[in-house]
Amino acid sequence: MGSADIAAVLGVTRQAVDHRLRTDPRAPAPAAVVNRTSRWGGTRVWWRADIDRWLGGGDPDRWASLP
């Protein structure tokens, strides 16, 4: 999942999630970087289980709003 997916679930902006993922020492490392080109650094993606652990547990109802 990308930072936009996480933001949609939490009801915050993608920028807020991105900032937190870059500055929180407890944040998980990205599982991969996709769509990388010579001109663009790509899109970071994470495993949902890693994000659940970072946020303090996996509440299935919290993820119901994902498309």
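A residue counts as buried when its relative accessible area is under 20%, as exposed when that value is over 50%, and as partly exposed in between (1.4 Å probe, protein chains only). Keep that in mind as we walk through this predicted model, where local features need pLDDT of at least 70, side-chain atom pairs count only at pLDDT 80 or more, and totals for chains, interfaces and linings use all residues. Residues are numbered from 1 along each chain as its sequence is written, and side-chain values use heavy atoms, with hydrogens and water left out.

Let's start inside. In soluble globular proteins, nonpolar side chains tend to be buried together. Here, the largest nonpolar core has nine residues: Met1, Ile6, Ala7, Val17, Leu21, Ala27, Trp46, Ile51 and Trp54. (A nonpolar core is a set of buried Ala, Val, Leu, Ile, Met, Phe, Trp, Tyr and Cys residues joined through side-chain atoms within 4.5 Å.) The elements that give two or more residues to this core are α1 (3-10), α2 (14-23) and α3 (48-55). Helices (H or I, at least four residues) and strands (E, at least two) are DSSP runs, numbered from the N terminus.

Now take α1 by itself. Its buried residues are Ser3, Ile6, Ala7 and Val9. Around the helix axis they cover an arc of only 165°, which puts them on the same side of α1; the arc is that of the directions from the helix axis to the C-beta atoms. Among what covers these buried residues are α2 and α3, where contact means heavy atoms within 4.5 Å. Just past the end of α1 comes Gly11, with a positive phi of about 75°.

Over in α3, the buried residues are Ile51, Asp52 and Trp54. Looking down the axis of α3, you'd find them within an arc of 165°, so they line one face of the helix. Their cover includes α1 and α2. After α3 comes Gly56, and its phi is positive too, near 100°.

What about the loop between the strands? Asn35 sits between β1 (32-34) and β2 (43-45). Most residues other than glycine have a negative phi. Yet Asn35, which is not a glycine, has a positive phi of about 60°. With a relative accessible area of 57%, Asn35 is exposed.

One last stop is back in helix α1, at Leu10. With 37% relative accessibility, Leu10 counts as partly exposed.
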